[in-house]
Structures are given as C-alpha cells and as structure tokens.
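Q: Could you walk me through one part of this model up close, and then show me how that part sits in the whole chain?

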Amino acid sequence: MEAWDWTMGEIIEQVQAKTERDRREHQQQATIAMRQAEITAMAVRGGQQLPNLWEAFPYWTAEEVKEMRVAKYKAMLMKNTAGVKGGE
C-alpha cells in the first residue's frame with residue numbers, strides 16, 4: 001500500500017473500516033462463546049438433545065447446511081444398517 005499518498009480522509013476511512021471489521025468479528029466470537037456455554041450446560045444437565053452444528057452456529061450457507069444434513073442422515077442410515085446386519 002502506498003499510504004504516503006493518502007489524504008487524511010482516506011486514512012481515517014481505513015481506520016474506521018478496520019474498527020468496524022474488528023467489531024463484527026468480536027460480535028461473532030461473543031456469539032460463539034455464548035452458544036458454547038449453552039451447549040455445555042445442556043450436555044451437563046442431560047436429558048436434552050444437543051442442537052445441530054448449523055443450528056447452534058449459523059455461519060453456513062444454505063447449500064453447506066444441506067450437505068451437512070445429508071451427511072448426518074447418511075451416517076445414521078449406515079449405523080442403523082450396520083446394526084441390522086450385525087443382529088442377523
């Protein structure tokens with residue numbers, strides 16, 4: 001970057017943009033920390049089903065969520081199929 005050629009307004013704009021990026025990142029980190037605490041409490045209390053990853057941390061696209069759901073159900077089917085074959 002050729003910062004020496006920047007005007008004072010451009011420098012201020014860059015600093016404000018960085019501050020805004022940092023603020024958003026910290027908001028996301030706070031959301032993650034809070035949800036981790038909630039999930040840990042659910043696991044310790046027991047009796048409750050833990051939420052899916054994409055429900056607890058909504059940082060995925062619709063396509064990625066679809067892929068994760070397919071993988072989850074495929075794994076469940078494979079586990080059930082293995083249990084049926086093993087019980088015969």
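A: Here is a close look at the loop after the opening helix, followed by the chain around it.

This is a predicted model, so a few ground rules apply: local features need pLDDT of at least 70, side-chain atom pairs count only at pLDDT 80 or more, and totals for chains, interfaces and linings use all residues. Residues are numbered from 1 along each chain as its sequence is written, and side-chain values use heavy atoms, with hydrogens and water left out.

Let's start with α1, which has 38 residues and reaches 55 Å from its first C-alpha to its last, close to the expected 56 Å. That expected span is 1.5 Å times one less than the number of residues. Helices here are DSSP runs (H or I, at least four residues), strands are runs of E (at least two), and both are numbered from the N terminus.

After α1 comes Gly 46, with a positive phi near 75 degrees. Gly 47 lies in the loop between α1 and α2, and it counts as exposed at 91% relative accessibility. The C-alpha atoms of Gly 47 and Ala 33 are separated by 22 Å, with the two residues 14 apart along the chain.

Asn 52 belongs to the loop between α1 (8-45) and α2 (53-56). Is Asn 52 buried or exposed? Asn 52 is buried, because its relative accessible area is 18% and buried means under 20%, exposed over 50%, and partly exposed in between (1.4 Å probe, protein chains only). Its side chain also makes a polar contact of 2.7 Å with the side chain of Lys 72. Such a contact is a pair of N or O atoms within 3.5 Å; within protein, one must be able to donate a hydrogen and the other to accept it, and residues adjacent in sequence count only if both atoms are side-chain atoms.

Now for the whole chain. The protein chain has three helices and zero strands, in the order α-α-α along the sequence. Buried residues make up 7% of its 88 residues. Along its principal axes, the C-alpha trace spans about 75 × 30 × 15 Å.
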